[in-house]
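Here are a few exercises to work through with the model open beside you. Try each task before reading its solution.

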Amino acid sequence: MLPAFNWKIAWPWLLFGLQGICIFFLVTEEVVDWFWGENPASVVGNDIVENLIVAALVVSLIATGLEVRKTMTRQKRLEQQVKAASGAFAAMLEEHFESWALTPSECEVALLALKGFSIAEIASIRKTAEGTVKAQCNAIYRKAGVSGRPQLLSLFIDELLHGSLLSEGAPKGKELETPGPASRVQA
């Protein structure tokens, strides 16, 4: 299956291609005029504006190409950082779940709860009773040292904002600083 067409990626390349076609035709015209159609003295006198336009177009083509390359490189780097951060987040979840000694069922319930599913939805997904899910959630909150789902979620958000997860992906000297003291819930 072919990937969906993305105008954000295609648009700069379309402009780049249009500029290239324009340069090709203008340069071809100048070469033809120079060798077969005009005398060299008249090219300097009559076509100076056209030659300046060609020169400006060549410079803009080079600048556009460099900008497109820079943008594509930046996009690729950002995609890699997002992929690394999501992998690091999953590893962080796993570390916390292990340190809290959650059972495999509790890990699954905790993950679904963090994703925002309701007790009823979690019970339906896991094909268990709502009472079982409530009991597992209470065990998760007790083991994590929090009073409920908002604090559990806050624990991970706080870790993202104040922990090392984002500063590892940031360029050296550009660690994320957030105002105020970190109000972290310790497990």
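**Exercise 1.** Locate Phe5 relative to helix 1, and decide whether Phe5 is buried or exposed.

*Solution.* Start with position: Phe5 sits in the segment that comes before helix 1 (7-37); helices are DSSP runs of H or I with at least four residues, strands are runs of E with at least two, and both are numbered from the N terminus. Next, take the relative accessibility, which is 59%, so Phe5 counts as exposed. The classes are buried under 20% relative accessible area, exposed over 50% and partly exposed in between, with a 1.4 Å probe and protein chains only.

Before going on, a word on the source: this is a predicted model, where local features need pLDDT of at least 70, side-chain atom pairs count only at pLDDT 80 or more, and totals for chains, interfaces and linings use all residues. Residues are numbered from 1 along each chain as its sequence is written, and side-chain values use heavy atoms, leaving out hydrogens and water.

**Exercise 2.** Which residues of helix 5 are buried, and what do they pack against?

*Solution.* First, list them: Ile122, Ala123 and Arg126. They lie on the same side of helix 5, because their arc around the axis is only 100 degrees, taken from the directions from the helix axis to the C-beta atoms. Then look across: these buried residues pack against helix 4 (104-114), helix 6 (130-144) and helix 7 (149-162). Finally, step past the end of helix 5 to Lys127, which has a positive phi near 55 degrees.

**Exercise 3.** Which elements have the lowest and the highest mean pLDDT?

*Solution.* pLDDT is the predictor's confidence in each residue, from 0 to 100. Helix 8 (residues 164-169) has the lowest mean, 47, while helix 5 (residues 119-126) has the highest, 95. For context, the protein chain averages 78, and 79% of the residues score at least 70.

Conventions: Contact means heavy atoms within 4.5 Å.
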